[in-house]
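Trainee: Please put the model up, and we can go through the ligand site and the backbone.

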Amino acid sequence: MHDFNFIQPKSAAAAADALAGAEDGQYMAGGQTLIPVLKQRLAMPTDVVDLSAIPGLAGIEVSGGAVRVGAMTTHAAVAASGAVRDAVPALAHLAGLIGDPHVRNRGTLGGSIANNDPAADYPAAVLGLGATVVTESREIAADDFFTDLFETALDDGELVTRVDFPVPDAAAYVKFPNPASRYAIVGVFVSRAGGAVRVAVTGAGPCVFRQAEMEAALSAEFSAEAIAGVAIAADDLNNDLHASAEYRAHLVGVMARRAVAEIA
Amino acid sequence: MNKVSFGDTVRRAEDHRFLTGKGNYIDDITMPGQAHGVVVRSPYAHARINGFDADAARRAPGVLLVVTGADWAAQGFGPIPTKSAVKENRDGTPIAVPDRPCLAHDRVRYVGEGVAFIVAETRDQARDAAELLDVDYAPMDAVTHPVKALEPGAPQLHDGIADNLCVDWELGDAEATEAAMRAADRIVRLELHNNRVTGAPIEPRGAIASYDAGTDSYLMYQATQNIHANRNTTAEILGIEADKIRHVGPDVGGGFGAKNSVYPEPALVLHAAKTLNRPVKWVNDRAESFLSDTHGRSQYSTVELGVDDDGTFRALRTTTVGELGAYCGTVGAFTPTGGSARTQGGPYGFEAMYYSARAGFTNTAPLDPYRGAGRPEGSFQIERIVEKAARELGIDPVELRRKNLIPKERLPLKTAMGLDVDCGDFPTVFEQALAMTDRVGFQARKAASEAAGKRLGFAIAPYLECTGGMPKEHAVVTFTADGSAHLAVGSQSTGMGHETALPQILAATLGLDMARIGFTQADTDATPLGGGHGGSRGMEMGGNAVLQTAGEIIEKGRAIAAHLFETDVDKIDFEDGSFFEKDTNHIASMTEIIAASFDPERLPDGMEPGSLNTGSTFERGIISIPNGCHAAEVEVDPDTGAIAVTGFWVVDDFGTIINPMLADGQVMGGVGQGLGQALMENAVYDEASGQLVTGSLIDYALPRADDMPPMTLEYYEGAPTKKNPLGVKGAGEAGCCGAPPAIVNAVLDALDGLGVTHIEMPLTPEAVWRAIDAAGS
Ligand SMILES: Cc1cc2nc3c(=O)[nH]c(=O)nc-3n(C[C@H](O)[C@H](O)[C@H](O)COP(=O)(O)OP(=O)(O)OC[C@H]3O[C@@H](n4cnc5c(N)ncnc54)[C@H](O)[C@@H]3O)c2cc1C
């Protein structure tokens, strides 16, 4: 690890200032992604701005038809939350599938979506529920938030403070974990709210995406059979040591059908 | 008084320390004034080194010493030798052994090979300096595939070694095997790959050493499995007397073979400690562990079984290509040759067997023993071909195995591979295992599984093992007048529980209180020799050394007792911790005799106070033959290819069981690693770049607790071996022999009817899905 300045601001505004003033600053939430890359000397920020002392960034509230989760809320807190389990059980279930107990007790929602790892779980819930990402300065719709591999709509130094997940009629998340890391090789989040169906796929491509054909088929008839015929093209999918693009394409279908079957 | 016997489940004395974070591992050891060393490692799989520019690194803050490969070469230190027991090719010529320097200076041959050692005040300063070291590399073509490395036109690793070939070797009767093959009704043939894996011990390798200029001697702590041999070899490299180095293995966090080899770093640490006259510590990080630890397995084999239509086995022939990596490791050429040959054929009878192996160099980390060291490869070869034969012949795989197991009446026998099988009862062990598996309930479980869209499969896999490792072991017992004892042994635990099992043997034999026996292992000052850990030798060698030493103590105790009772030694018996004279009321406990042994008044002529202290070297005659039978039930999800091992049963014949809980731990751990190899572990090098693709735990899949099946373990204790006084057969590696074939064959059984006849390990979900897909189209 290279040396860096460690700053622990007491407010979001101070955090933004600290970052703006740094030559090459990085926020740190749970540190589960940041610290390993620091240790491997892959990232060498001049300043690490720790978000853990800022009041109000962690917490869960269900109000106005939405589950509002603070950016600094750990995966373990979401997984264990009775309020989340009552409102959107699939969200609590998803949080409980992330990594291992150590990771779940340190890693945060804000860190996960800001990082936008192609194999991360939360992006599937954010996109699959049509959530709103709230930052210091604005609200960003899920559909606009995840832009590319490890890329988001966040501006430099823009701090995620909260994510508002609308409560759907029903939702399910089915994940095929990577046996080594337990990240998703493919994870599919399906939700139904009124007539609208969302199908969000993580792990399969460079960035979480919605599967429009499945959404259309499910809007017409919400059953696993309805999407049995949807062919997933392997062309743009990830192809790596852990799974080929064809296998991922196949898994998207299987995971989606299983998710639908859970709630149909 | 905490009285123990053989066969008692004595809880592990070491666990409290380990589980509460009080273990004393390399990085826990601090010496006053210590500096920190890091190895600069090659980023290239194959490159010429045109030169080093170390100026910037030398000037970096905190840097104390930079030793480049060129600096090392200029010192004239020796290469790291190989100690392979196979030294000749089939034609009698010597095997090809390239020089392996501790630091490369003119050429690197694998990613992770050391090119410089940098010592600084702190580890981070040493790392910073490492980034400043300029090595002028000229990349060359690399070859990482063991079969392709031997093909014409492959990039060549070593000048003067043709075709990258290290060894070309055979065992068995080729002609008799060919004749028996021809006579058989059919020959079943299978090509298979035994995947390359790495031990991934929880504690990475490391060492810390100090130098004493006054006595020109060293003290080195190292995370190693083999302190005496490694000290001797490291001294040989540096050209110093071995007894100038006190070498200690503190608590060592796992080894599995990967800490058995002699590595470059200890020599670098000793050299730096002397040069700087300061203690120097070096500890690998996890990435370095993946790159620079020895890997294991890696064989491409063709297995042929000559079998009659009624299922009678006639002949077995295995033709294999193994892999050494860039250089010969410490055991080197032996593993894919002799190591794999010995247990060929498993516990089955054959008219003839023949094993033929070639192994060569690749641009990868050196390979050396990994838990089983060739025998799991052999076990996989025979059990896979038997399963395939059963399906080709239309015979129930259970029946085919039952038919060909060597019956008890034929023991002792020498196998066609020269293995001395003295005792055991393979059919009884097989039936005992089968009886545990609830075959009756299987059909109902299978139906339930199918109703859920899954497929259930079952397989049984008997195995034949043999032990190995250093043939001598030493134990020393010293007493204190208050009756307490201290036991030191040269065998070593890297987590297996010797701190419990070996004092248990001493306590049970002498009738001492377990709680009053101290324990030291892995310290060259504590025992004059020691064979460390390897080849499942812990109980066979360490245990017998303790027993033998205890026996000598009893003899001395009888002399003291005879003196006290004023009678003849031959009238003194020892039983249950007490010396007594028959038909009298003369009796003295071991504790009383210990007290007497410190009192000149109470000692017979010729015995000095303290002379009950005893050190003794046990020497093995012939290696023992553990054997047993594994069975697995698996459930396959045909939609995804995912596998769950839903049941696992083991019966082992380890001879006498000293501590069943410790034996269970060995079996479970071995099954875990066998499961890992079968289903997920795979060390993969990119063929084009020679980079290790699975260089972290994010990419190298190790099994976790939730991957482990429910396990039922039993022992067959009807055949203690007479090859050693305890009657034990090694337990450490057996799990790795039985689990891979049991699991793989069970998966193939689950896929029965789909036309899938073989899937290479690891059986990842994608591999299974593809096999189903390919068979269906
Ligand atoms: C062993 C292991 C296994 C894992 N398995 C999984 C898994 O199965 N599924 C999964 O989804 N994830 C997994 N993760 C990732 C983990 O869940 C965390 O979500 C992830 O590491 C990021 O969260 P964090 O709080 O640790 O962020 P940090 O590491 O602290 O930060 C990550 C990045 O986000 C930025 N950042 C953090 N917070 C904010 C914010 N509020 N606003 C703007 N930017 C911010 C930081 O600057 C940094 O660039 C795993 C991680 C590990 C180490």
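Mentor: This is a predicted model, in which local features need pLDDT of at least 70, side-chain atom pairs count only at pLDDT 80 or more, and totals for chains, interfaces and linings use all residues. Residues are numbered from 1 along each chain as its sequence is written, chains are lettered from A and ligands numbered from 1 in the order in which they are written, and side-chain values use heavy atoms, with hydrogens and water left out.

Trainee: How many residues surround the ligand?

Mentor: A residue is near the ligand if one of its heavy atoms lies within 4 Å of it. The closest are A:Tyr27, A:Ala29, A:Gly31, A:Gln32 and A:Thr33, and the number that surround the ligand is 30.

Trainee: Which helix gives the most to that shell?

Mentor: Helices (H or I, at least four residues) and strands (E, at least two) are DSSP runs, numbered from the N terminus. In chain A, β2 (25-28) and α7 (109-115) each supply at least two residues of the shell around the ligand. With four residues, the element that gives the most is α7(A).

Trainee: Which residue has a polar side-chain atom 2.9 Å from a nitrogen atom of the ligand?

Mentor: A polar contact is a pair of N or O atoms within 3.5 Å. A backbone N or O atom of A:Gly31 lies 2.7 Å from an oxygen atom of the ligand, and one of A:Leu34 lies 2.8 Å from an oxygen atom of the ligand. The residue with the side-chain atom 2.9 Å from a ligand nitrogen is A:Tyr183.

Trainee: Are α11 and α19 of chain B roughly parallel or roughly antiparallel?

Mentor: The axes, lines fitted to C-alpha atoms over the stretch in contact, are compared by angles that run from 0 to 180 degrees between N-to-C directions. Those of α11(B) (residues 375-393) and α19(B) (residues 734-750) come within 8 Å and cross at roughly 25 degrees. Angles under 35 degrees count as roughly parallel, over 145 as roughly antiparallel, 65 to 115 as roughly perpendicular and the rest as oblique. The angle therefore makes α11(B) and α19(B) roughly parallel.

Trainee: Which proline does a cis peptide bond join to B:Met761?

Mentor: Most peptide bonds are trans. Here omega is about -5 degrees. The proline lies in the loop between α19 and α20 (765-776) of chain B, and its name is B:Pro762.

Trainee: What is phi of B:Asp163?

Mentor: Most residues other than glycine have a negative phi. B:Asp163 sits in the loop between α5 (146-149) and β7 (165-172) of chain B. Its phi is positive, near 55 degrees.

Methods:
A polar contact is a pair of N or O atoms within 3.5 Å; within protein, one must be able to donate a hydrogen and the other to accept it, and residues adjacent in sequence count only if both atoms are side-chain atoms.
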